[in-house]
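I opened this notebook to keep a record of what I looked up in one structure. The entries follow the order in which I worked.

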Amino acid sequence: MRFTRSVLPAAALAALTVGTTAALTAPASAAPNTTAQKVCGSGYKTVNSAPVGSLGTVYLTYNAANGRNCVATIRNNPGTAMDMAAWLYIPDTEEYDEDYGRYTSYAGPTYVYGKGHCVDWGGQINNVYVQVTGSNCGSLKEHRVTYTR
């Protein structure tokens, strides 16, 4: 199976977790009713989502007013900080944003201008990774991969 550039952040995260954790950001805090719209901000609406195993969900949102996409990975049960990630990539423009760290409830938000473009996006909670490529491209079929390391 061939993975596109969007898998590279997962490899970088794996390298980080093997090394020191001092470089990781401070845990995010959120109420159990955290939503992608609250994380991404006013005007963002969920346009796609993917389960991250049984641990949570990664959400792709879009703001029609500014043409930007946002991704947030949200745990079902906030608690002890664990490795989490949210990332977003526009292949046509090579614009990319990511957020990796040890968080108590969510990773993100990540933002990229994506109006009129296909979107690659994904997230991670603990050792479960989700990657969605070719998403939100009209009639084209997206490709989803979930894997555990």
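Entry 1: Which residues does Thr-34 touch, not counting residues up to four places away in sequence? I found that Thr-34 touches Val-39, Ile-74 and Tyr-106, where contact means heavy atoms within 4.5 Å. I placed Thr-34 in the loop between helix H1 (8-18) and helix H2 (36-40). Is Thr-34 buried or exposed? Thr-34 counts as buried because its relative accessibility is 16%; buried means under 20% relative accessible area, exposed over 50%, and partly exposed in between (1.4 Å probe, protein chains only). I also looked up Arg-75, which is 41 residues from Thr-34 in sequence, with 9.0 Å between their C-alpha atoms.

Entry 2: the basis of the values. I noted that this is a predicted model, in which local features need pLDDT of at least 70 and side-chain atom pairs count only at pLDDT 80 or more, while totals for chains, interfaces and linings use all residues. Residues are numbered from 1 along each chain as its sequence is written, and side-chain values use heavy atoms, with hydrogens and water left out.

Entry 3: overall content. I listed 2 helices and 9 strands in the protein; helices (H or I, at least four residues) and strands (E, at least two) are DSSP runs, numbered from the N terminus. The pattern along the sequence is α-α-β-β-β-β-β-β-β-β-β. Of the 149 residues, 46% count as buried. I recorded an accessible surface of about 7300 Å², of which 53% belongs to carbon and sulfur atoms; the areas come from the Shrake-Rupley method with a 1.4 Å probe, and for residues only the protein chains shown count as cover. Among contacts between residues at least 6 apart in sequence, 53% join residues at least 24 apart.

Entry 4: the sheet of 4 strands. I read the order of this open sheet as S1-S2-S3-S6, with antiparallel pairing; two strands pair if DSSP finds at least two bridges between them. Its edge strands, S1 (45-52) and S6 (106-113), each pair on one side only. Strand S3 (residues 68-75) is joined to S6 by 6 bridges, and Asn-69 has Val-112 in S6 as its bridge partner.

Entry 5: the sheet of 5 strands. Here the order is S5-S4-S7-S8-S9, again an open sheet with antiparallel pairing. Strand S5 (95-103) and strand S9 (143-148) are the edges, each pairing on one side only. I followed S7 (residues 119-125) and S8 (residues 128-135), which pair antiparallel over 6 bridges. Gly-123 stands opposite Val-130 in S8.

Entry 6: the nonpolar cores. Which residues of the largest nonpolar core touch the most other members? Among its 19 residues, they are Val-58, Val-71, Leu-88 and Trp-121; a nonpolar core is a set of buried Ala, Val, Leu, Ile, Met, Phe, Trp, Tyr and Cys residues joined through side-chain atoms within 4.5 Å. S1, S2 (56-63), S4 (82-90), S6, S7 and S8 each supply at least two residues of this core, and S4 gives the largest share, 5 residues. Apart from this core I located another, of 8 residues, among them Tyr-44, Ala-72, Ile-74 and Tyr-106.

Entry 7: surroundings of Val-58. Leaving aside neighbours within four places in sequence, I found Val-58 in contact with residues including Val-52, Val-71, Trp-121, Gly-123 and Val-130.
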